[in-house]
Amino acid sequence: MKQKNIGKYLGIVFIISVSLGVLIHFEKFANIFNLNERIPDFGYKPHNILETFSDIFVSSMVAFFSFIINYFVIKPFESQQKTDFKRIAFAVIITIATIIILSDLLFSLKKNLTANGNPQNFMFLYFFRDILISAIVIVSVFFIKAINDRQAIKIENEKLKNENLISQYETLKKQVSPHFFLFAYLVKRINKSESGES
């Protein structure tokens with residue numbers, strides 16, 4: 001059951017991560033394919049399709065890794081694990097720190113900043129991008145946890161309902177059985193006496 005939950009979690013967060021990567025770099029994607037002439041390029045135009053898709057890949061991997069970390073912090077499939085303020089604050093801090101560090105590290109290794117761009121403009125855009133990814137990751141993990149907790153409560157309620165029905169059945173059975181046997185015995189005696197008289 002736990003491995004099934006982990007597989008389901010990985011599948012969901014992979015789709016969210018790739019979608020985030022595309023969303024974050026959509027202006028570059030649009031400029032490459034000339035989808036919209038009005039989309040601002042913020043002083044930077046991607047050189048080719050490979051560079052745009054590598055940016056999307058890096059952002060997706062940053063988001064995906066943050067989801068993995070949050071799996072161990074928030075524990076979305078443990079319904080007994082309550083989400084108090086300390087856990088939420090810790091998740092927010094570690095997510096933002098992870099995304100900023102990973103994003104800056106990977107994009108600096110990729111040498112994304114070019115000489116013709118404005119570094120301050122890039123710093124603002126990258127910070128905004130990192131905060132956006134952090135917010136979406138945190139909200140998504142808590143949303144997954146909320147859905148799982150709701151399903152766990154529903155299953156628990158069904159289990160209690162079934163146990164209650166079984167208990168009621170057993171109680172009725174105990175109450176009815178002696179009377180039923182007594183009634184059957186009396187009917188049998190009456191039938192015997194009637195058949196004996198005739």
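**Entry 1: Phe14**

I began with Phe14. At 43% relative accessibility, Phe14 counts as partly exposed, because that class runs between the 20% and 50% cut-offs. I kept in mind that this is a predicted model.

I then looked for a ring partner. Phe14 pairs with Phe64, edge-to-face. The centres are 6.2 Å apart and the planes make 85 degrees. Phe14 sits in helix α1 and Phe64 in helix α3. The pair links distant parts of the chain, 50 residues apart.

**Entry 2: the other rings**

How many aromatic pairs does the whole structure hold? My search returned five.

One of them joins Tyr9 and Phe77. This pair is edge-to-face too, with 6.0 Å centre to centre and 85 degrees between the planes. Tyr9 belongs to helix α1, while Phe77 lies in the loop between α3 and α4, so the pair ties together parts 68 residues apart in sequence.

**Entry 3: the core**

Tyr9 came up again when I listed the largest nonpolar core. That core has 22 residues. Tyr9, Phe67, Ile74, Ile133, Val137 and Val141 have the most contacts inside it.

Which elements give two or more residues to this core? I noted α1 (2-24), α3 (49-74), α4 (85-109) and α5 (119-197). The most comes from α3, with eight residues.

I took Ile133 as a test case. I set aside its neighbours within four places in sequence. Ile133 is then in contact with Leu20, Ile24, Ala63 and Ile99.

**Entry 4: the whole chain**

I stepped back to the fold. The chain has five helices and zero strands. Along the sequence the pattern reads α-α-α-α-α.

Next I checked contact range. I took contacts between residues at least 6 apart in sequence. Of these, 75% join residues at least 24 apart.

The chain has 198 residues, and 28% of them count as buried.

**Entry 5: recap**

Phe14, where I started, is partly exposed and pairs with Phe64.

Conventions
Residues are numbered from 1 along each chain as its sequence is written. This is a predicted model: local features need pLDDT of at least 70, side-chain atom pairs count only at pLDDT 80 or more; totals for chains, interfaces and linings use all residues. Side-chain values use heavy atoms; hydrogens and water are left out. Helices (H or I, at least four residues) and strands (E, at least two) are DSSP runs, numbered from the N terminus. Buried means under 20% relative accessible area, exposed over 50%, partly exposed in between (1.4 Å probe, protein chains only). Contact means heavy atoms within 4.5 Å. A nonpolar core is a set of buried Ala, Val, Leu, Ile, Met, Phe, Trp, Tyr and Cys residues joined through side-chain atoms within 4.5 Å. Rings of Phe, Tyr and Trp (its six-membered ring) pair if their centres lie within 6.5 Å; planes under 30 degrees apart count as stacked, over 60 as edge-to-face and the rest as tilted.
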